[in-house]
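I opened this entry to look at how the parts of one chain meet. My notes follow the structure.

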Amino acid sequence: MNTRHRKWSSFALAALSAVVLTACSSGGGSGSSDNYPSKPIVVVAPSGAGGGWDKTARSLTKVLGESKLVEKTMTVENKPGGGGAVFMAEYATQDTKNPYRLFVSSPPILINNLKKEGNTPYGYKDTTPLAQLTKDFGAIVVSVDSKYSDIQSLMADLKADPTKITFAGGSAPGSMDHLISVLPAFKAGIDPKSVKYVSYDGGGEAIAALLGGNADVIGTDISSASEYLKAGKVKVLGITASERLGGDFKDIPTIKESGIDAEFTIWRGVFGPKEMKDNEKAYWAEKLKALNESEAWKKELAANSWEPEFKGSEDFSKFLGEQEVLIKEMLTALGMAK
Amino acid sequence: MDVLQFLADGFVSALQWKNLLFAFVGVLIGTAVGVLPGIGPMSGVALLIPVTATLTSGQDPDSAATSAIILLAGVYYGAMYGGSTTSILLNTPGESSSVVTTLDGYQMARQGRAGSALSIAAIGSFIAGIVSLIGLVLLAQPLSEIAIRFGPAEYFSLMLLGLAAVSGLASKSMTKALIMTVVGLLIATIGMDNVSGVARFTYDIPVLYTGLEFLTVAVGLFALGEVFKTILHRDYMNGEVVKVGRVRPTRQDLKDSAGPIARGSLLGFFIGVLPGAGATLASFFSYIMEKKLSRHPEKFGKGAIEGVAAPESANNASSGGAMIPLLTLGIPGSGTTAILMGALIMYNVQPGPLLFEDNPEIAWGLIASMFIGNLMLLILNMPLVKVFAKIIETPPKYLLPIIVAISVFGVYAVQYTTFDLLLLIGCGIAGYFLVQNDYPLAPLVLGLVLGPMIENNMRRALTGSNGDFSIFLTKPISLAFLLIAVLWLIVPLLLKLRGKKVLISEEG
């Protein structure tokens, strides 16, 4: 029910922004190149209000606007449906030349394009990646009274009898939580198809299943697990980072340390339309770099417990190419690739 | 310090004039949000998060968080109060938890008892709000422990019981009610299957990936269906405008509602505690329960005040219950609580196991303000009943276009697609023909809500047990639900066989 209801949140926001948008999107795509931007800019969150994409889009427009980095008005538009697929279908066909409509995305833009079911024919290559803004990592989490306290013993038991261990996550098979759940097993040489994965409606329900003993292990992101970790309710067996994180997470081993080469970054970034002019790209390269260095943005990141990680357009595109290979490899192993 | 001491401290914080003001603004906006069809509590809360951030920006972090969450929670339960208004007056459910209220509420309004229906809804909501808050204060810890034990097997059996109880929504023919239930279940399969990740009946159309939107279907069936009927049957030609009648409920109304309100409050509270079950189920279940318990089940669907009192109490009580997993475990039980949680996190307050230890003043301030907010809502709503009730005195030539306009606006504002508008109109036409032929609409809507939950939880349970069906029988709570479901179906049949006259045999 959560997923269904989530869409409702966009409601009033939608009503508000609809008014603003009709005013500014009508002449989209025809901006003359010299004085870009000459009109208000819309940042789309391809989901309802309240989720990660939406919050990123709102923080981004807020800081860019308040710090006067971008002089033109910036508004957020929610475009829910199909885990971002509804938005991509429209954006990649109708807005290819409209530099006044940007959007925020994360790994699902790759996953949706690669998986067989619920596929969208449009991926990051139908856009201009402008910058990566934040990062998060996958985490393998068990209850505090679980018999497992390291990833190797879990993998050993999983190898012996995969029917004994139930993994859970907050999203459907073939999507992010599932990939995180099976990544260590896959890299440890276990057939990922044999791993029992139960999907719940959202991360909250998955944590509830773990705490209530209805799941043995969950695949999630480390920031969602942190409060339960602090409260001593869960153990984090490993994270999908290349090296240990700082602060509260400094005692958590990476999965890589255990000799399993499982790395996966949950990035969030900003994208533009496929056909952007050089001066438009340069404009955002400069502004987003300045944003990343501003104090206001650092405060915003801290307030949301987001880890900063900045990549400019070129690095970001290259990174997306590498991530695409990894995801494709996993989906193929799961028999879920297109 | 014990609970009462904490609660007293909470009241000290909630009774500061600025927090009283925040609570008042919250419930006022919430009432408006609830009354406006289409804008549900979730959207209202989400919309106000940036506004509250600005309003509280001058305060220190903790008191800013307290004030903000008091306002936002006010919107949440305020919307639950207001949600019944359009269901009763216009047959247009403002949000999913008010769908069942249309069944008897709209009939009451047509009989000139709109005032009674609206005031009973407000009184029921108030009592339910208080009951669920007392539950929240006293039972939060133990209940949250039980709630997380509730696994897929238990949910499955509970939902199956709900489906078995669907007979309670039948009007004349059980067969037709069952047909509609199955249609609802079938429609519910459209979209990405959440357990296997397979797309079903989507034909590669992205708009169908998330399935048909529940509220589009409900508003189409109920509101537009009614509009089409009024137009096609020229009901408006009679020129007879419905009179509002008395605003206050009669003594008999109050007497009839007392039991349903009490039972609805308790049931709603316990269902609300379960993450993912929510206000919609609470309202459906309490309606069905009242019909089953009533000595005059034939009055339901024809303007029985119990049919308004019970679901309206239940959906309000469930919003109190839903605060338990949110505050004690950081698990949002519904879409709206997920947004509330997001708001708290923005203030660097993490709902979860540590909330009551780390930020007791916020948790208890919120709980205390909910007591105050509920009282404000009652005082606010009773005079408003008179104003709102006047709406139905509007001549149909103005009223019908207004209903169509708000239905279309509401649906489009959420979904942003013309597809949903076509679906809305399609459902309106379907609703008209179904009602003409005595097919009840509520079972279809219930099937649509229950379908994915039954299916997903069954398959989650079976994945966990490696395909062993005995999991549903070996878990005691699950077994209990299944037994009740079986009895629910069998007992009336046995009674019928022994020659007793029971409602279920009406079709003969």
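**Domain interface, chain A**

I began with polar contacts across the interface of domain 1 of chain A and domain 2 of chain A, and the rule finds one residue pair, both at pLDDT 80 or more. I keep in mind that this is a predicted model.

Next I asked which elements of chain A supply the domain 1 side. α5 (108–114), β4 (127–143) and α12 (313–334) of chain A each supply at least two residues of the side that touches domain 2. I noted that α12(A) gives the largest share, six residues. I then sorted that side of domain 1 by class: nine residues are nonpolar, one is polar and four are charged.

I looked up salt bridges between the two domains and got a count of one. I also looked at E329(A), which forms a salt bridge with K187(A). Their closest N and O atoms are 3.8 Å apart.

I went back to the domain bounds. Domain 1 of chain A covers 41–136 + 266–333, and domain 2 covers 137–258. Their C-alpha centres lie 27 Å apart.

How many residues are in contact? I found 14 residues of domain 1 of chain A in contact with 17 residues of domain 2 of chain A.

Last, I checked the area. About 1,300 Å² is buried between domain 1 and domain 2 of chain A. Carbon and sulfur atoms give 74% of this buried area. I also noted D136(A), M330(A) and A333(A), which supply 46% of the area that domain 1 buries against domain 2. That is more than any other three residues supply.

Definitions and conventions: Residues numbered from 1 in each chain as written. Chains lettered and ligands numbered in written order. Predicted model: local features only at pLDDT ≥ 70, side-chain atom pairs only at ≥ 80, totals over all residues. Heavy atoms only, no water. Domains from an automatic or database assignment. Contact = heavy atoms within 4.5 Å. Buried area = accessible area lost by both parts, 1.4 Å probe. Salt bridge = Lys/Arg side-chain N within 4 Å of Asp/Glu carboxyl O. Polar contact = N/O pair within 3.5 Å; in protein donor to acceptor, adjacent residues only side chain to side chain. Helix = DSSP H or I, 4+ residues; strand = E, 2+ residues; numbered from the N terminus. Nonpolar A, V, L, I, M, F, W, Y, C, P; charged D, E, K, R; others polar.
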